[in-house]
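Dear colleague,

I am passing a structure on to you, together with some notes on what turned up in it. Please have a look at it first, and then read on.

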Amino acid sequence: MKVDITDAVVIVSYLFGEGIELRCLDAADIDDNAEIDFSDAIAVLNHLFAGASGPSIPYPGAGTDPSNDALHCGAP
């Protein structure tokens, strides 16, 4: 329920195919552009260290992403 540097590390590890499985692809889509890419890890780091805005809605609360995209949580 909080954002920290581990979130950026997990996203990068997932992108490099290091065997990291994401239980919720939608949660890793920090900029809500319907893709998991390096911009998501950079957005986490900018939020933590440069004071940039945080992840997209529903952050900072818990909840469901209201955008209609192919990224979901749980089993596909």
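Which helices each supply at least two residues of the nonpolar patch? They are α1 (5–15) and α3, where helices are DSSP runs of H or I with at least four residues, numbered from the N terminus. Please keep in mind that this is a predicted model, in which local features need pLDDT of at least 70 and side-chain atom pairs count only at pLDDT 80 or more, while totals for chains, interfaces and linings use all residues. Residues are numbered from 1 along each chain as its sequence is written, and side-chain values use heavy atoms, with hydrogens and water left out.

The patch lies on the surface and is formed by I5, V9, L45 and F49, which together have about 390 Å² of accessible area (Shrake-Rupley method, 1.4 Å probe, with only the protein chains shown counting as cover for residues). One of its members, F49, lies in helix α3 and is exposed, at 62% relative accessible area (exposed is over 50%, buried under 20%, partly exposed in between; 1.4 Å probe, protein chains only).

The loop between α2 (25–28) and α3 (38–49) contains D32, and A34 is found in that loop between α2 and α3 as well. Although D32 is not a glycine, its phi is positive, at about 55°, and A34, also a residue other than glycine, has a positive phi near 70°. D32 is partly exposed at 26% relative accessibility, and A34 is partly exposed at 38%.

Conventions
Patches are made of residues with over 30% relative accessible area and no salt bridge: like charges are joined within 9 Å, nonpolar side chains (Val, Leu, Ile, Met, Phe, Trp, Tyr) within 5 Å. A salt bridge is a side-chain nitrogen of Lys or Arg within 4 Å of a carboxyl oxygen of Asp or Glu.
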